[in-house]
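Here is my note on the model you sent. Please read the points alongside the sequence and the structure.

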Amino acid sequence: MPTHTFKLNGEQVSVDVEDDVRLLWVIRDLLKVTGPKYGCGINVCKACTSHINGKAFNPCSVQVKDIQPTDEVTTIEGLADTAPGGGLHPMQDAWIDNDVAQCGYCQPGQIMAAVAKVRQCQAEGRDVDDDAIEELRNICRCGTYNRIREAIKAGSKNM
């Protein structure tokens, strides 16, 4: 079986697994990092949203063979490590302050997508407004979209 190496939440990891295994299964089943959730497996619900090299992606739709040893994958478990000054990431704080979570299943993916969207808007010199937030396609079955929107706006002010 081939060995695949990459960085996960700041730590270099190696796994022996077939090339065509989806990265989500490597992260959850082999490496026991369970923040990214399995929802659809076809890149639609976005419950597994994580970051690769700082950009949002969905590991349910990526085969492990497509991840390079230099790639840095960050899940919700590693997000706080990217925050200035330690503690929770500002977006995680905003989620708590705005009481976003209801069932909580989609929240790790929602937060990771929000952080990536704020970074993208900052890099493009545009505001994190309703139009930018509408570009996110993460599904919340509980329908907490209004609180998600408010948390993204609040979190963006501290990023």
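1. R126 and E124 meet through their side chains in a salt bridge, with N and O 2.7 Å apart. R126 is partly exposed, at 28% relative accessibility. E124 is also partly exposed, with a relative accessible area of 46%. Keep in mind throughout that this is a predicted model.

2. Next, the pair E135 and K117. These two form a salt bridge, and their closest N and O atoms are 2.5 Å apart. How covered are the two partners? K117 is buried, with a relative accessible area of 8%. E135 counts as partly exposed, at 39% relative accessibility.

3. These two pairs should be read together. K117, E124, R126 and E135 are linked in a network of salt bridges. On the general point, side chains of opposite charge can pair when their charged atoms come close.

4. How many salt bridges does the structure hold? The count is six. One of them joins the side chains of E134 and R149, at 2.5 Å from N to O. This pair links distant parts of the chain: E134 belongs to helix 5 and R149 to helix 6, 15 residues apart. R149 is buried, with a relative accessible area of 17%. E134 is partly exposed, at 41% relative accessibility.

5. Now the cysteines. How many disulfides are there? The count comes to zero. C106 is in no disulfide, and the nearest cysteine sulfur, that of C140, is 3.9 Å away. As a reminder, a disulfide is a covalent bond between the sulfur atoms of two cysteines.

6. Are these cysteines buried or exposed? C106 counts as buried, at 8% relative accessibility. C140 also counts as buried, at 6%. Both values fall under the 20% limit for a buried residue.

7. Look at the acidic surface next. E18, D19, D20 and D66 gather there in a patch of negative charge. One of these residues, D20, is found in the loop between strand 2 (11-16) and helix 1 (23-30).

8. There is a nonpolar patch on the surface too. Which residues form the nonpolar patch? They are W25, Y38 and Y105, with about 290 Å² of accessible area together. W25 lies in helix 1. Y38 has its place in the loop between helix 1 and strand 3 (50-52). Y38 counts as partly exposed, at 37% relative accessibility. W25 also counts as partly exposed, at 30%.

9. W25 and V64 are 39 residues apart in sequence. In space, their C-alpha atoms are 9.2 Å apart.

10. K32 has a positive phi of about 60 degrees, although K32 is not a glycine. K32 lies in the loop between helix 1 and strand 3. K32 is exposed, with a relative accessible area of 61%.

11. N53 lies in the loop between strand 3 and strand 4 (55-57). N53 counts as partly exposed, at 45% relative accessibility.

12. The structure holds six salt bridges, and K117, E124, R126 and E135 are linked in a network of them. The disulfide count is zero. The surface carries a patch of negative charge that gathers E18, D19, D20 and D66, and a nonpolar patch formed by W25, Y38 and Y105.

Definitions and conventions. Residues numbered from 1 in each chain as written. Predicted model: local features only at pLDDT ≥ 70, side-chain atom pairs only at ≥ 80, totals over all residues. Heavy atoms only, no water. Patch = residues over 30% accessible without salt bridge, like charges linked within 9 Å, V, L, I, M, F, W, Y side chains within 5 Å. Areas by Shrake-Rupley, 256 points an atom, 1.4 Å probe, with all protein chains shown as cover. Salt bridge = Lys/Arg side-chain N within 4 Å of Asp/Glu carboxyl O. Lys, Arg positive; Asp, Glu negative; His and termini not counted. Charge placed at Lys NZ, Arg CZ, Asp CG, Glu CD. Helix = DSSP H or I, 4+ residues; strand = E, 2+ residues; numbered from the N terminus. Disulfide = S-S within 2.5 Å. Buried < 20%, exposed > 50% of the residue type's maximum accessible area, 1.4 Å probe, protein only.
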